[in-house]
Amino acid sequence: MISFESDYTTGAHPEIFKRLSEINFEHTSGYGTDVYCASAIEKIRKACACPEAEVYFAVGGTQTNQLVVSTMLKDYEGVVAADTGHVAAHEAGAIEHSGHKVLTIPSHQGKMKAEELQAFVKNFYEDGNHEHMVFPGMVYISQPTEYGSLYSKQELEQIAAVCKAYEMILYVDGARLGYALMSEENDVTLPELAKLTDVFYIGGTKVGALCGEAIVFTKNNMPKHFIPLAKQRGALIAKGRLLGIQFDTLFTDDLYLQCGKHAMEQKKKLVSILKNAGFEFFFESPTNQQFVVIEDEKLKKLQEKVAVSFWEKKDETHTVIRFCSSWSTTDEDLATLEQILKVCC
């Protein structure tokens, strides 16, 4: 059995385990006040060309999203997202559980359009009853999106302009940011992302880390008394160095970008294998997530040997499934997949 189910199904890059082992018996202060967190923060600031950035390390993506949304929004505000956005679709109502509503607009291969965002917000303020409604206080997008698509620099600039016009926070979920940055179709650098957004996070869980995400507040806008706010939400880890050392390692000698580059190289091979097997692509993603259509009977046979992700039903007899390459995908994995597909599909 091999897995192309997601990009977090293996452990961590060997260099991270090496560093964790090296500091295992060191005594360090807790709650992210150790030297490794401090070093990682400085490296992230440098990589983002944002010396004023405030950085906080959280354990996972859903925790990060709820923490950012719930601490940055006012009680009467909600967050606008594409209807396929992770906070809207796959986080079990975590945002709503925090007391904030997710306000959805249509998605287009995972992305929202700036003009539709503007129309949504404009219509809200033109509604004579808007004082009795949930205010749009933040815009949430993912880079790459849940469908592997990418926002161009121009698209991000347009969305950022709408946010500025209506005084909304622009928040970017970067769970798979390393793969976006290394895609050949990407034209947004890390410093540009920091400049255009109010807050974003650099995903580690899916890009080489055992766990962990680095939240980057770019405009001196980390909520006041953020540490107790994080602790109230169960998002303050006592052994903070376990997250800090991982990001310190990922941002040493461009390891984070190397992890992304490897996944993109393997993605090209994966696409070729899937095309040669005759799959219909749901659409062609420029990043490590690839979506194909398969007959349900063939899917049953495939799942006996390969772990893949269900994505959505296309019709009564066909399903859209996802294959992922990652920082840890080997040529042997791909060769095995190719042989299995010759038999199953």
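Reader: Which elements do the buried residues of α11 pack against, and what makes a residue of α11 count as buried?

Author: The buried residues of α11 pack against α1, α2 (35-48), β2 (54-58), β7 (199-203), β8 (213-217) and α12. Packing here rests on contact, that is, heavy atoms within 4.5 Å. A residue is called buried when its relative accessible area is under 20%, exposed when it is over 50%, and partly exposed in between, using a 1.4 Å probe on protein chains only. In α11 the buried residues are R241, L243, G244, I245, Q246, F247, D248, T249 and L250. That is 9 of the 10 residues of α11, so this helix is largely enclosed by the rest of the structure.

Reader: What do these values and names rest on?

Author: This is a predicted model, where local features need pLDDT of at least 70 and side-chain atom pairs count only at pLDDT 80 or more, while totals for chains, interfaces and linings use all residues. Residues are numbered from 1 along each chain as its sequence is written, and side-chain values use heavy atoms, with hydrogens and water left out. As for the names, helices (H or I, at least four residues) and strands (E, at least two) are DSSP runs numbered from the N terminus.

Reader: Why is α12 called roughly parallel to α14?

Author: Look at the angle. The axes of helix α12 (residues 255-276) and helix α14 (residues 331-344) cross at roughly 10° and come within 10 Å. Angles under 35 degrees count as roughly parallel, over 145 as roughly antiparallel, 65 to 115 as roughly perpendicular, and the rest as oblique. That angle therefore makes α12 roughly parallel to α14. The axes themselves are lines fitted to C-alpha atoms, for helices over the stretch in contact, and the angles run from 0 to 180 degrees between N-to-C directions.

Reader: Which residues make that contact?

Author: From α12 come Q266, K269, L270, I273 and L274, and from α14 come D331, L334, L337, E338 and L341. Sorted by class, the contact has 6 nonpolar, 1 polar and 3 charged residues. Nonpolar covers Ala, Val, Leu, Ile, Met, Phe, Trp, Tyr, Cys and Pro; charged covers Asp, Glu, Lys and Arg; the others, Gly among them, are polar.

Reader: What makes D7 and R176 a salt bridge?

Author: Side chains of opposite charge can pair when their charged atoms come close. The rule asks for a side-chain nitrogen of Lys or Arg within 4 Å of a carboxyl oxygen of Asp or Glu. In D7 and R176 the closest N and O atoms are 2.5 Å apart, and the pair forms a salt bridge. D7 lies in the loop between β1 (2-3) and α1 (14-22) and R176 in the loop between β6 (169-173) and α8 (177-181), so the pair ties together parts that are 169 residues apart in sequence. Both residues, D7 and R176, are buried.

Reader: How many salt bridges does this rule give, and what links α11 to α1?

Author: The count comes to 14 salt bridges. D248 forms one with R19, with the closest N and O atoms 3.1 Å apart. D248 belongs to helix α11 (residues 241-250) and R19 to helix α1, 229 residues apart. D248 and R19 are both buried.

Reader: How do you know whether K153 and E192 are buried, exposed or partly exposed?

Author: Their relative accessible areas tell you: K153 has 28%, which makes it partly exposed. E192 has 23% and is partly exposed too. These two residues also form a salt bridge, with the closest N and O atoms 3.1 Å apart.

Reader: What makes A53 buried, and what does it touch?

Author: A53 has a relative accessible area of 0%, so it is buried. This residue is in the loop between α2 and β2. Leaving out residues up to four places away in sequence, A53 touches R45, V216 and F217.

Reader: Why is A49 called exposed, and what is its phi?

Author: A49 is exposed because its relative accessible area is 55%. It is in the loop between α2 and β2, and its phi is near 50°, a positive value in a residue other than glycine. H225 has a positive phi as well, of about 55°, although it is not a glycine. H225, in the loop between β8 and α10 (226-232), is exposed, with a relative accessible area of 57%.
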